[in-house]
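User: I would like to learn how to read a structure feature by feature. Please give me the general idea each time, then the case at hand.

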Amino acid sequence: YNLHHTPKLSTLEKICSKYVQLISEYWDGQSIYLGGWSFGGDVAFEMARQLSQLGVDVKHVFMIDAGVSKANPDAELEVVGINVFPDAYQEQLKLLPREFLDLRLQDAAHNVWLSDRYQALCYDGPVTLFRATEGRAEDEDMTNGWGDYCCDLNVISVTGNHFTVMDGDSLQLIADSINEKVSHDLHDGSIANSTVENEQPVDA
């Protein structure tokens, strides 16, 4: 999330390249699953693309209500306030120390800026998008923009908005779907050099 880089890295691609480098140093030939929510989904997608170019077996990418649009290299960094969050989250954020809250909002603004400038490229590996159903226009793209860049895309609708999909029954549905996919890969032997002895389900 670019939280530990000083100065902050200037593009999403550079962030992913840094993470890919770290993974490559420890990768021992096993299959990899990647996933993330919101901006983290964009990061997971770009990491998968870069890793696959290096010959790493990326089995699946799971994106939770992530979106992508045509890159805008002229996008400007804008201020993000707590008003962008639902009321319930605003109340929780107000409980945080002011200095920490300001830093978190700065990080959020920077991530929005990185996403706006991100030029996604086509990726042919399997991708699942968990798409929030609330707060959508009737004619809105059901793939959140990823249809232009994914050759193998599965979209699963999840009840809730961009924030509430990460809680309660919605999160359980996401966890169950990920467990089902990983379990299938384990049982059909498609995970490369797997050392998993006892399958442990994801707990939402």
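User: Start with the cysteines. How many disulfides does the structure hold?

Analyst: A disulfide is a covalent bond between the sulfur atoms of two cysteines. This is a predicted model, and it holds zero disulfides. Take Cys122, which is in no disulfide. Its nearest cysteine sulfur belongs to Cys151, 5.8 Å away. A disulfide needs the sulfur atoms within 2.5 Å.

User: Is Cys122 buried or exposed? And what about Cys16, buried or exposed?

Analyst: Cys122 is exposed, because its relative accessibility is 55% and the cut-off is over 50%. Cys16 is buried, with a relative accessible area of 0%. Cys16 belongs to the H1 residues that meet H2.

User: How do H1 and H2 cross?

Analyst: Read the distance, the angle and the hand. The axes of H1 and H2 come within 9 Å. They cross at roughly 60 degrees, so the two helices count as oblique to each other. The crossing is right-handed.

User: Which residues of H1 and H2 meet?

Analyst: An α-helix has 3.6 residues a turn, so residues three or four places apart point the same way. On the H1 side, the residues that meet H2 include Leu12, Ile15, Cys16, Tyr19, Val20 and Ile23. On the H2 side, Phe39, Val43, Met47 and Gln50 are among them.

User: Which other residue has a positive phi although it is not a glycine?

Analyst: Asn144, with a phi of about 55 degrees. Asn144 sits in the loop between strand E3 (123-132) and strand E4 (150-158). Asn144 is buried, because its relative accessible area is 10% and the cut-off is under 20%.

User: Now a helix. What span should H4 have?

Analyst: Count the residues, then compare the ends. H4 runs over residues 98-117, 20 residues in total. At 1.5 Å a residue it should span 28 Å. Its end C-alpha atoms are 29 Å apart, which agrees.

User: Which residues of H4 are buried, and what covers them?

Analyst: The buried residues of H4 include Leu101, Leu105, Ala108, Trp113 and Leu114. Asp107, His110 and Asn111 are also among them. The cover includes helix H1 (12-26), helix H2 (39-53) and helix H3 (87-93).

User: Where is Gly160 found, and what is it in contact with?

Analyst: Gly160 is found in the loop between E4 and helix H5 (168-187). Gly160 is buried, with a relative accessible area of 4%. Set aside its neighbours within four places in sequence. Gly160 is then in contact with Ala132, Thr133, Glu134 and Val165. Sequence and space can be set side by side here. Gly160 and Arg131 are 29 residues apart in sequence, and their C-alpha atoms are 9.0 Å apart.

User: Step back. In what order do the elements run from the N terminus?

Analyst: The protein chain has five helices and four strands. From the N terminus on, the order is α-β-α-β-α-α-β-β-α. Of the 204 residues, 40% are buried. For contacts with a separation of 6 or more, 77% join residues 24 or more positions apart.

Terms used: Residues numbered from 1 in each chain as written. Predicted model: local features only at pLDDT ≥ 70, side-chain atom pairs only at ≥ 80, totals over all residues. Heavy atoms only, no water. Expected span 1.5 Å × (residues − 1). Buried < 20%, exposed > 50% of the residue type's maximum accessible area, 1.4 Å probe, protein only. Contact = heavy atoms within 4.5 Å. Axes fitted to C-alpha atoms, helices over the stretch in contact; angles between N-to-C directions. Parallel < 35°, antiparallel > 145°, perpendicular 65-115°, else oblique. Left-handed = near helix turned anticlockwise from the far one by under 90°.
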